[in-house]
Amino acid sequence: MSDAIRTSTPIFVRESMTADRAPPVSNAGPAAWIRDNLFPTPLSSVITLLALLFLAWALPPLVRWLFIDAIWSAPNGDLCRAPGAGACWAYVWQKLGFFMYGSYPREEVWRVNLVLLSGAALVVWMLWPDARGRGGAALAFFTVYPVLAFGILTGSAPFPTRWLPTSGTGQLLWAFLYVVLIAGAGTLFYTGRLTALAMAMIGFVAWAEIGAWWPTLGLSHVGTNLWGGIFVSLLVATVGIVFSLPIGIVLALGRRSQMPIVRFLSVLLIEFVRGVPLITVLVMANTMLPLFVPQDWSPDRLLRPLIGVALFSAVYMAEVVRGGLQAIPKGQYEGAMAVGLSWWQMMQLIVLPQALVTVIPGIVNSFIALFKDTTLVAIVGIFDFLKAVETARLDPVWAGPSISTSGYVFAAFFYFVFCFGMSRYSLMMERRHAAGRKR
Amino acid sequence: MSVIGDSGRPPPPSRRKVDVKALSIQFGLSLLLVWLAWEAVGNVAENMRARNIPTSFNFLGATAGFDINQSLISYSATSTYGRAFFVGLLNTLAVAAIGIVFATIIGFIVGIARLSQNWLAAKLATIYVEVIRNTPLLLQLFFWYTAVLAPLPGPRQTLSLPGLSWRMPEVGALMAAAVAGSFGFLLFAFVRRQLRRTNLSIPAYAAAAVCTVAALLFATLGPKVVGLGVSSGFFDLYTGAYVFLNNRGLFVPAPVLGDVGFRLLIVIGASLLGAMAFAYWAKAAREERGLIFPVGWISTAIVVLPALVVLWLGSRSLALDYPQLRGFNFNGGVRIYPEAFALVLGLSLYTASFIAEIVRAGILSVSKGQTEAASALGLRRTATLKLVVIPQAMRVVIPPLTNQYLNLTKNSSLAVFIGFPELVQVFVGTVLNQTGAMIQIISITMAVYLVISLATSIAMNMFNKRMALAER
Amino acid sequence: MKKSVGYVFAAGMAAVIGSAAPALAQTQPAKSPTLEKTLKAGALSCGVNPGLAGFGMPDDKGVWAGLDVDLCRAVAAAIFNDPNKVKFIPMTAKDRFSALQTGEIDVLARNGTWTMQREAELGLLFPVTNYYDGQGFMVRRKLNITSALELSQASVCVQQGTTTELNLADFFRANNMKYEVIAFATSNEAVKAYDSGRCDAYTTDASGLYAERVKLTNAAEHVVLPEIISKEPLGPAVRQGDDVWFNIVKWAHFAMVNAEELGVTRANVDEQLKSTKPEVRRLLGVENKYGEFLGIPNDWAYRIVKHVGNYGESFDRNLGAGSRLRIERGVNRLWTKGGIMYAAPVR
C-alpha cells in the first residue's frame, strides 16, 4: 500500500490560492441583528410582526395626543375643549400649585419646600453608597428631622406642650429632671456603656428645649386640614418609612425570639395585619382609633391614617428584615456569642448591621409599595396627590373631555419617575451587594 | 445577659438564669398588653355609650333599604343587611377568582416574553412590567374606568358587534363540528401512533386537513341526516346584532338551557368521575405495566365530548336570551358591567406585572445544566419543559405567587373608589353609614379577609408540599 | 376650696341683697363649655362640606365660601368680631357626625338633613334649618324626559351612605319601577360617572344638583326634573348638652334672617345703628343686652351683618342670582314674601 502511494502521481494539486470567499452574511451589522433578534424562527417572526402592528396602531395616536395636539399653554379650558385637541398640559401647569401643596396657604409654602428639600437632601446623603457619615444622616433623618419637620409644617411646638412646666414647682421639677438626665448621660458616656441610652437622654432634653423655644420663631399655625397634594403623599410615605423601620425591626426580632409569648404576639400582629387590605386598616384607624383613647385625646384627622399606614408598612418591613436576619450565617451568631457579647450587643454590633445592609433593596421595594399605597388615604378624606388630581378635574373653568386623562397621565408620570428611580437604586444596591459577596 | 459576658462562662450553666429573665420579660409584656387592652376596652365602652354607637349584631337582620346593582344571589331593597353582606362577599370572591385567572395567564405570557430571544417582544414586556409596577393601582383603576367608559357611546347609540352570534341550529352545527373534529383527531392520533411503529409516516398537515374537511362535512350534513331539519348551512352566519357594547356594559346573549341544563349537569358530573377513574387506572397501568397514555388529552375528551353530544342532541330546545333595549337600558342576556370590567382589567394587569417577574425569576432559577442533561437523556423539548424545567421553576414560583393572589384579593377592595359593589363598598361603605355599627362591621370585614388569606395559604402550602416532594 | 367659698359668699350676698338679684344675673352670663373652649382656642371649629358649590367649597387660594360657611363665619363674627377666626374642617359624609360627637368640631354646617334618627339616636341637635331642600333628579336634556316617573329602567348615580341612597330606593319601590343604582364613595366620583354617560340620572338634594351641574362638561345639556321626592331640611348641627351653644348657633342664623326682614344689610348696617325702629335697635344691640345672656357681646348681630351680611345677601352671593348656580329662592324666601324662612323675634 505504501509503495502505491509513493509511486503514483498525485491526481490533483492546487497550485494557486483560491479566491477569497464572501464574508458570512450575518454575525455582525444591523441586518444580522434584526435577523437574530426579530426573525429567528417562524413563530418569532409572527410575534414580531404582531408587535410591530400593535406599535403602528398605538404609538402615532399616543404621540399625537401627548405632544403634537397637546395644549401647552392656555388661560382656560376653551382650547382644550376644541375638537381634536390632545392632552391639556396648560391645565396641569395651572393647577401645579394645587397638586403640590393642596390648600396650604400660598405665602407659607416655603415651609413645605424647606422640609421637602432638606428631607430629600438627607435621604440622598443617607442612601448615597459612598457618602461619608451616612450613619449620621440616618440618625438625623429618623430622629431630629421628624421633630423639626413637624414644628415647621404645623407652626406649633414639636413637643407635647402639656408636659411643659407652667408653674414655679413645675419648673423646679423640670430643672431637677434636666440635672438628672444630663448627669446620667454624662456618667454613661464616661463609662462608655449604654451610649444609646445616654444619647436618648440628651436627645430628650434637646427635644424639650426646642419645644419650649419654638413659639419664639413666630410661625403661624397651619392646620392639617389645609395640607394636601404631593406634599401629603410624600409626608405619608415618609412617616410610614420612618416609623415602620424601627417597629418592623422590633417585630422581626420578636418573631425570631426564643420567648414563646413574644414570638406568638409578633406572629399574631404580623399575620393579622398582612391578611387584611390597607383600606380596612385605614377605615379602622379612622373610625375606631378615637374610640380606643379617652375622649379628649381624639387624634388629629391626618394622624389617624398615618398611624394606620405606619402599622401596615411595619409588618411588611418586619418580614423584609426577617429575611435579612435569616440570611446571616449561623457562624456570625456563634462567633458573637463566643466573644461573649450579650444578646443586645450581638444584635446591635454584629447581626443588625449586616442584616439591614442585605435588605436595603427590600426596604426600598417596600417603600415603593408604600408610596403607591399612599393613594388609598383618600378613603378617609385625606387630600393626597391623586385626590387633588381628582378634585381639580371638576373645576368648571377647565372641565372637558381630556382633563381627566391629562391629570391621570401627569400623576402616572410623577409616580413612575419616583418609583422607577427607587427601583433602579434598589437594583444597583443589590448588584453592589452581590459583587461584595463574591469577592 | 451581660452576666454571661462578664463571667465568661459558657451558656449552659446560666440557662436557668436566662429563662428567669426571659420569663420576666414575657410576663411584663403580657401584663402591659393586658393593661392596655383593659384601658382600651374601658375607653371603647365609655366612648360608645357617649356616642350612642350600637353594640349588638342585631342590625344584620334589619331591612337594608338600599339597592345593589349586581348580585349573584337575589337581593332587593327589602332584603336584610346580612344578605347585603353576602352579596358583597360573593362579588369580592367572584372578582378575585376571575382576576386571578387572567392575571396568571397574562403574567405567565409576559414573564416568558421577557426571556424571549425576540428583542421586540422582550422590550415590550419590560416596558409593560415597569410602567404597571411603578404606578399606583388606584390610579390605574381610575384610568381604566375612565378609559373604558369615555369612548363608549350611550345605550341608544350602542355599538353592536354583528356576526358574532348564530341562531341555535348553527350552534348545534358548530357543536357537531367540534364533536366530529375531536373524534377525527383522536382517530388520527391513534392511526399515526400505529403507523409510526411500522416506520410509515404521513404528513401531519395532510391528516389534519382531512380531519377538518370530514368534520365540516359531518357538521353541515349531520343535522340533516339526523333529521333536525336545518335549513341553513354552517357558513350562513346570522347578520343580526345580538352583542352590544356601550357605556352600560357589554351585553351578550345568554343561553337558556332549560331541561338540557339538568341533563348536562348530570353528564358532566358522570364524565368527571369517569375521567378521574381513567386517570387512576392509567397511573396504575404506567407503574405496573409501563403503559403510557396521553392522560391529559383523553381525560379532557372524556369530560368534553359527552357534554357536547348532549348539547347537540338537545340543541333544538336550547334558546338564547337576547339583550334588548328597553327604555334606558338593555335587558336580558348576560351583562358585564363597566365597573366590574375596569376592576378585573386593572387588577389583572397590575398583578400580572408582578407575576411576570416571579415567573421570570423562576425560570432563570433552573440552571442550564438541567436542560442540557435532559436533552442528553434524549427528552424532547416539550418533555424537558414539562418534566424538568417547570417542576423546578414552580418550587420557586409558588410561594410568591400565593402572595400575589392574596394581594389581588385584598386589592379588590379598591373597588370602593369606582363603584363596584364588593364587600368593602357594600358593607364598610353603605351599611356602616346607615347603621353606625362600626366595630361589628369592621371586625366582620377583617375576619372575612383573614379567613380568605388563611384558606389560600393553607391550600397553596399543600400544593407547594406536593411540588416539593415531586422534586426528590 | 377657694371656688366653693366664693360661691357660698356669692349666694349669701344674693340672698341678702334680694332686690339686686336681677342686676347680678345680668352680669353673670350662662356657662357654655363649648364657647369657653372656642374662646380659648381662638377660632371656631366648623365642619363643612369638602366641596359643594354654594354651601362649602374652598377657592383656588383655599378661602372657603358658601351658605353653610357663612353661618360659621356669622358665629365667629358674633364671638370674635372676626369672620375669619374659623377653622374649616372638610368632612366626608361618613364621619361628619362622629367628629361632632368627639368634639373635633363644634358646629357641623355641612348641608346635613335634620332627621329624627340623628337627634334621637346620634345625640345631636339641629338648631335651625338654613335651607329647605328636597331630593331631585338631574338628567340629560336630550333624553326628553319631563318627569322622574319616566325614569323606569334608568341607571342612577348616587353618593353612598346618605339619606339620598335610601330615598332613591324608596321612590322606585313606591312607584313600582325598576332601576339600576351605581353608588360611589364621594359625590365627585358619582358626578364624574354621570358626566361620562354611565348613568342616565344623578340624584341628590335639589340644591346640590344645581351646584354639581356647574361642574359638568356642558352644564346647559342637563336639566333638573321638577319632582322632589323627599323633604330635606338642611341645617347646622351641634352636640346635645350645651344649650347655650345651641342658642348661639340658632340665633346667629335668626339674626341674619331678621336682618333681611328688617332691611338691614351689610351696606347700611352702620346707618341702621341710628335707626329709630325698636326691632332694629334691639337686633343691633342698641337697646337691651340680650347678647350678654349668651356670653357674647351685645353687638353680636351688628357684627354678623357687618361681616357676613343678612340671609338674603348670603343666599344671593352663594346660591342665587349673584352666584354661578342661580338657584331660585323658592320656599327659602322670607315668610313675608311667600316662603317659609321664618325667624323668632329678638325681644
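Predicted model: local features only at pLDDT ≥ 70, side-chain atom pairs only at ≥ 80, totals over all residues.
**Stop 1: helix H3 of chain A**

Select residues 42–68 of chain A, which make up helix H3. Now look along the helix to A:Ala58, where H3(A) bends by about 25°. A proline, A:Pro60, follows within four residues of that bend. Is H3(A) largely in the open or buried? The number of buried residues among its 27 is zero, so H3(A) lies largely in the open.

**Stop 2**

Zoom out and colour chain A by secondary structure. You will find 20 helices and zero strands. Along the principal axes, the C-alpha atoms of chain A fill a box of roughly 125 × 75 × 40 Å. The radius of gyration of chain A is 31 Å, whereas a compact globule of 439 residues would have one near 22 Å. Of those 439 residues, 34% count as buried. If you display contacts with a separation of 6 or more in chain A, 66% of them join residues 24 or more positions apart.

**Stop 2: where chain A meets chain B**

Next, bring in chain B and select the contacting residues on both sides. Here 46 residues of chain A are in contact with 48 residues of chain B. Colour the chain A side by class and you will see 31 nonpolar, 14 polar and one charged residues.

**Stop 3**

**Stop 4: chain C by itself**

Hide the other chains. Chain C has 15 helices and 13 strands. Its radius of gyration is 23 Å, close to the 20 Å that the globule rule gives for 347 residues, so chain C is as compact as a globular protein of that length. The box around its C-alpha atoms, taken along the principal axes, is roughly 80 × 45 × 40 Å. Of the 347 residues of chain C, 53% count as buried. Among contacts in chain C with a separation of 6 or more, 72% are between residues 24 or more positions apart.

**Stop 6**

Pick C:Asn111, in strand S5 (residues 107–113) of chain C. Its phi is near 30°, a positive value in a residue other than glycine. C:Asn111 is buried, with 27 other C-beta atoms within 10 Å.

Then move to C:Gln153, in the loop between strand S8 (135–140) and strand S9 (154–159) of chain C. Here phi is near 75°, again positive in a residue other than glycine. C:Gln153 counts as partly exposed, because it has 18 C-beta neighbours inside 10 Å.

**Stop 5: the nonpolar cores**

Show every chain again. The largest nonpolar core has 262 residues, and B:Leu141, C:Val75 and C:Ile304 touch the most other members. Helix H12 (residues 230–255) of chain A supplies the largest share of this core, 15 residues. Centre on C:Val75: leaving out residues up to four places away in sequence, it touches C:Leu44, C:Val107, C:Ile248, C:Val249 and C:Ala252. Another core, of five residues, lies apart from the largest one, with B:Phe244, B:Phe251, B:Val252 and B:Phe330 among them.

**Last stop: B:Leu23**

Finish in chain B by selecting B:Leu23, in helix H2 (residues 15–50). B:Leu23 counts as exposed, because it has 12 C-beta neighbours inside 10 Å. Draw a distance from its C-alpha atom to that of B:Val95, 72 residues apart along the chain, and the separation is 47 Å.

Note on methods:
Residues numbered from 1 in each chain as written. Chains lettered and ligands numbered in written order. Contact = placed C-beta atoms within 7 Å. Helix = DSSP H or I, 4+ residues; strand = E, 2+ residues; numbered from the N terminus. Nonpolar A, V, L, I, M, F, W, Y, C, P; charged D, E, K, R; others polar. Buried ≥ 20, exposed ≤ 12 C-beta atoms within 10 Å, placed from the backbone. Rg over C-alpha atoms; globule rule 2.2 N^0.38 Å. Bend = angle between axes of the 7 residues up to and from the residue. Core = buried A, V, L, I, M, F, W, Y, C linked by C-beta atoms within 7 Å.
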